[in-house]
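The stops below move from charged pairs to a helix, then to a sheet and finally to aromatic rings.

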Amino acid sequence: MSAPDAVAQDALTGRRERPIFSRPARDPSDPQRVQPRVKASFERRRIIALAALVCVAAGSAAGLTTGLVSCTPADKPVEARPLSSTEAQRLAGMRARNFKDGRVGVRATLGKPGAEIKLAGWIDWRRQLTYLAATAPAPGPDDGLLQAVPGIIATRPGRADGGLPPATPPAKDWRVRPSTATSAHPAPIDSFVALLFAIASDKPDQADLLARSDSRWLGTDRIADKTVDVLLGPAVPPQPKPTVTASPSPSASPTKPGAAGPASPTPAPNSLAAMGGAVRYWLDGDARLHRFEALLSKDLPVKVDLTREERPELVAIDALGGRTGKPRQVTAEEARALALMRQRNRAAGGGRITLTVPMLPAGMLLATGWLDWRETVAYLGAYDMDKKDERVLMRATRTGVTVRNDGFTAGKPPPLPPPAGEWRTIPWAARGDALGGLDLDLLLNEALAVSGTGKDDAAALRDVALWLRKDTLAGGPVNVYEIAKGADLGGARGAARIRYWMDRTGVLRRLELRTRTGAFAQLDITPEKVPTLSRP
């Protein structure tokens, strides 16, 4: 089994030796509860997207000056020249203008003529979310929907009607994975998405650095009855030169025979190669970007038109965080409801559960079964969405899980009573992998913990809980909360590891977990009478 496959399999079986819980599941309001490391916050994902662009616009300045679509008629050639101060100021303001405008439409072609993949949809630069439909020349595996935030790509196969994604994204069949834009061999679509995010920023570039760079004025063009300047500029903002450090002493020891040779030469600081590569921008007089072109690799051009009059509100899929809201401190009444949640869950008894868990490197774990809050036990069948022959039955309690390979049909409830034979019991402390606790385990452990006979401290909850938004689940209204604990304390508002979806009766209907991929996993509870979940 390859390393990626081993990771996916371990997400099901959990057979590793690193402990993740020092004790059984406890009160969800306990800030000392063990929490694995959160891999990616919003700001960190944004930084990753910017850093990725050393791989994005790989074409040289010369290649982009002559190798893509000509920016002036062939009978009116122009000679590229350095930017004027006014042009440098305008180019410097482009990213900030994009961020200020927020949302625009995107129409792009990726690839050589005759084999281009068309991309159409929208981007919200303030929220850092893009939603696109990809259409290949002929129906096939390159067709599908795409949603992305910096560092994370979600895809769903299928050809979109009319070439545009549906306003409300489908709820199911999404695959979620980390972006490959920083890898040695990035996927073209990942490089394109990274570039799309990087052309917006909440602050302008430094115009003086652009003026001294290899950025160039290439000519003028007409777009939507507007005259625009075509400028060659950097993929990422130019940075000031680093502080010069002292040179090694002449008496320093020479390189030993057999040692590694000198590193690859660093691009000149004023070159566009040192700024993520060269991109050609079509800018109007207000620094609004209407088109840009780049080379994502030697022979892979991309051309993008931005339709600035399109400004729809984008709805993220659940795996990318769902609807937006304005987090606020919970009210006294909400804190009292949260303090009673464990009691109300226990009184409700439990119900049928479904789980959707993004896995590394690019899988999606699905599961269905039951949760009994009174007996503190969950029983489910889990499987890889794309490898349905990898199936595991699981029975989870406060002390650990009992697992068995196979024994059920993917997508169907696990059999009752459990099949006999080949079960093994694994304590929570014996599960996990090199990255820490398994996301599946965290969801199950929390689901078991949110049931009890005691009332929690409403005053303490007011200090650590936030109301995130109103939402709907299974056609009914819910309030979405987060409760900061452990490593969450002191972090950004709205960025805690776990979210709680509570219905009008004060009963939990969904647990949402920020996973190691940076995306969200869900455990949904549908109230119903729970069958006896006997031991295997």
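Select Arg90 and Asp229, which form a salt bridge whose closest N and O atoms are 2.8 Å apart; the term stands for a side-chain nitrogen of Lys or Arg within 4 Å of a carboxyl oxygen of Asp or Glu. Arg90 belongs to helix H4 (residues 85–92) and Asp229 to strand E9 (residues 226–234), so the pair ties together parts that are 139 residues apart in sequence. Helices (H or I, at least four residues) and strands (E, at least two) are DSSP runs, numbered from the N terminus. Both Arg90 and Asp229 are buried, where buried means under 20% relative accessible area, exposed over 50%, and partly exposed in between (1.4 Å probe, protein chains only).

This is a predicted model, in which local features need pLDDT of at least 70 and side-chain atom pairs count only at pLDDT 80 or more, while totals for chains, interfaces and linings use all residues. Residues are numbered from 1 along each chain as its sequence is written, and side-chain values use heavy atoms, with hydrogens and water left out.

By the salt-bridge rule the count comes to 30, and two further pairs deserve a selection. Asp190 forms a salt bridge with Arg177, with 2.6 Å between the closest N and O atoms; this pair links distant parts of the chain, since Asp190 is in helix H6 (residues 188–198) and Arg177 in strand E7 (residues 175–178), 13 residues apart. Asp190 counts as buried, at 0% relative accessibility.

Next, pick Arg510 and Asp318, whose side chains meet in a salt bridge (3.4 Å, N to O). Arg510 lies in strand E23 (residues 508–514) and Asp318 in the loop between strand E12 (300–307) and strand E13 (328–329), so the contact ties together parts that are 192 residues apart in sequence.

Now select Arg97, Asp101, Asp286, Arg288 and Arg308, which are linked in a network of salt bridges. Just after H5, Gly102 takes a positive phi of about 85°.

For the sheet, display the twelve strands that form an open, antiparallel arrangement in the order E13-E20-E21-E22-E23-E24-E14-E15-E16-E17-E18-E19; two strands pair if DSSP finds at least two bridges between them. E13 and strand E19 (424–427) are the edge strands, each pairing on one side only. Within the sheet, ten bridges join the antiparallel strands E14 (residues 350–359) and E15 (residues 363–372), and Pro358 stands opposite Met364 in E15.

The last stop is the one aromatic pair in the structure. Trp122 and Tyr131 form this pair, which is tilted, at 6.1 Å centre to centre with 45° between the planes. Rings of Phe, Tyr and Trp (its six-membered ring) pair if their centres lie within 6.5 Å; planes under 30 degrees apart count as stacked, over 60 as edge-to-face and the rest as tilted. Trp122 is buried, with a relative accessible area of 11%, and Tyr131 is buried too, with a relative accessible area of 1%.
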